[in-house]
Amino acid sequence: MSQDPADPQPDAVPHRPQGAPEAEDRAHGNRRDRRRAARAGRRRARLALPRRRRAIPTWRMLAGAVTALLLLGIAAFVTLYLTVPVPDANAHAVAQTNIYYYADGTELARTGAVNRSDVTLDQIPPETQHAVVSAEDRTFYRNKGVDLKGMARAGWNTLTGKGTQGGSTITQQYVKNYYLTQDQTVSRKVKELFISLKVDQQQSKDQILTGYLNTSYFGRNAYGIQSAADAYFGTDVSELTTAQSAYLAALLQAPSAYDVKNATPANRAKAVARWNYVLDGMVALGFLDPATRAATVFPEPVDPKPATGLKGQSGYLVDIADTYLADTATIDAATLKAGGWRITTTFEKAKQDAFAAAVQQELTDALDPRARPGTDSDVRVAGASVEPATGRIVAVYGGPDYAKQPYNDALRQDNQIGSTFKPLELAAGLQNSATTQDGRPLTTETVYDGTSGRDVVGGPTPYAPPNEDDIDYGPTTLRTAMVKSVNSVYAQEGVDADLQEVRDTAVRLGIPADVPGMDPENTSMTLGTVTPSAIDLAGVYAALANHGQVQTPWSVLKLEHTGHFDVPRLPDHEASAALDRGTADAVTGVLRDVVSARGTGAAALDLGRPAAGKTGTTDANLSAWFAGFTPELATTVSLFRENPKTHAKESLAGTAGLSRINGGAFPTEIWTAYMTDALDGTRTQRFDLQPTRGNTQPTQAHSPGTAPAATPTTQPARSGTPTPTPTPPPAPSPTPTTQPTRTATPAPTPSAPAPATSPAPAAAPPSPRPKP
């Protein structure tokens, strides 16, 4: 029986006609040729396009590039994941005590002993754990150690001007705290990412959260949640309430700024807003019910407590050393607080004790806050002592006790220095060969009109400052005007020296350029509206003692670390020339006369050694200063009152029962008592002064303008314009071979005022009234 041709034959091998392979090869070759031809055509077409069109890649190019980048990225990711190890814990995670030493190696203080106290997770209330998760990483229990969406969102918000934001998870922050450093480098960020992925695989969420809570910095020198609970609420972590937990969690974003006990009003508002954000997050995540949230009240933390071991004067010294290390970028605050440092300071214990004793015996013992609470309360002293030749800070006075007053008054820059600024004006005029308004060379013996309240000529703003007690001094040399602290003379001399030159000279000598009150557009700058710290001003006067060579004050001699830490190099200390020696020595010669029986610094004569200095008292008696030096030591003392709640300055009038407190009173007396003890047993050194001859020569008035009035008892009109004097005073005889003595005024100028014969002065204008 024959098979139907239509029936299938499964076992049959399909028949391919002879010659089929050759046909297929020809077809394949034709397709290849067509593709080549198409590519060639596309190339010809692209070459025919304009150059700028050819610069635009085709979709095929883009697709190829993206694919290559993806493959490279995947390969790099896998390589890094496999090669980046999880390191050992860093120094921050095992913080140690810092030890500070006096210059002679004896121990000064220890810090960090109670910085950290690790706790287990079961000791931390669930509310505290939830608050931290709500504040720092709301995907913590879901993410794999990193949150790519959060990182992208933070980057976008930063780029679009919504503020710099972090996208790090709790795991990433824990890795940074425990394994890495706080450096903001690309390599550290990359390591953080891959270590976080590994840590999330190797540790549970509870372990990670515990490590994070024990290593995070909360401010107030508190590392870890246990130390933070004690620092802010005086309680154990296990006793924290929901409100307190939310506040501590809020602090993690900005520990210093959000400490509401020290924050500005604006930062306090931000801290409260962050606290509300944390609580709202707890509600959103189901950790807190809305009713409890609504009843929660913001918790007020306790006042800051000084670190253990920083009582008395030691806390101020540690603060100055820490500030120096941070300001010079030697060590950042977080690295320093991690511990393990051995810091030898420049402070000398004997001098430090002498400073504290001088304040006690000369001022504190004279105060009676119970009998005179309105005047003898809240009186404060700031002081600093610097070696002119080296710039070493050997002693400071920052307050009575760091445990009671943690704010360091020796560093503050908000008290005007008054007439202690006058030597800087004189130095500027001498250094730059300035002249008076009528063209006379400016020297220490140039004669000015010392009439109280006379209008300053040529200043940028109207100014007519009165002298203390409105005394009219009449024709007065710059030397005598410094000795008597005559405001009307130095207000004019500062303008004659050029206020911009005065400012530049002050900055070269060590006044910080950014402190308030040193504005050449305001004539009142001449009488000391600037507000340097006591340390800053001590450095300025040390430069005068050092013949114009500036050594910026410094406080750390040696830096070591107990671990295998790359200890940074301390800054070098090289002197720079702020003034010619002839100028600096001429100014010093004038300041020696201030410390004389007829000078405002007469109380410093009790030192019994050659000394130079200047007193200063500011408007409304808000501060009083004495800045002075011997050849071997420059010291400043400032006195002021401050409301402890509002921090507003209050008048010193009435302090210790005195109607007015001048720089020549308590500040000079404290200075003298301290310097007597500080220099006890050392050889008395003499000033080696070499003033430029022209700086100390008398000059003759030859035209009207700012020349002194012929009659000292007649005040010029206060119109803001110069009032020509009818007859200039007789010119002093030049003495080319003999310099004037430092204790006598040239003969033609009255050596002392005669206030008893002066008429009643006109009313003082409402301008700043610095006094001597």
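## A cluster of rings

Tyr232, Phe233, Tyr247, Trp275 and Phe298 are joined into a cluster by ring pairs. The model is predicted. Across the whole structure, a search turns up twelve aromatic pairs.

## A tilted pair

One of these pairs brings together Tyr217 and Tyr223. The ring centres are 4.7 Å apart.

Tyr223 has a relative accessible area of 5%, so Tyr223 is buried. The cut-off for buried is under 20%.

## An edge-to-face pair

Phe233 and Tyr247 also form an aromatic pair. Here the centres lie 6.1 Å apart, with 80° between the planes. That pair is edge-to-face. Both Phe233 and Tyr247 are buried.

Where do the two residues sit? Phe233 belongs to helix α9, residues 225–233. Tyr247 belongs to helix α10, residues 242–251. The pair therefore ties together parts that are 14 residues apart in sequence.

## Charges over rings

Which ring lies under the charged end of Arg138? The ring is that of Tyr277, and the charged end sits 4.2 Å from its centre.

Lys205 is placed over the face of Phe140. The distance to the ring centre is 4.8 Å.

Definitions and conventions:
Residues are numbered from 1 along each chain as its sequence is written. This is a predicted model: local features need pLDDT of at least 70, side-chain atom pairs count only at pLDDT 80 or more; totals for chains, interfaces and linings use all residues. Side-chain values use heavy atoms; hydrogens and water are left out. Rings of Phe, Tyr and Trp (its six-membered ring) pair if their centres lie within 6.5 Å; planes under 30 degrees apart count as stacked, over 60 as edge-to-face and the rest as tilted. Buried means under 20% relative accessible area, exposed over 50%, partly exposed in between (1.4 Å probe, protein chains only). Helices (H or I, at least four residues) and strands (E, at least two) are DSSP runs, numbered from the N terminus. A charge sits over a ring if NZ of Lys or CZ of Arg is within 6 Å of the ring centre and within 35 degrees of the ring normal.
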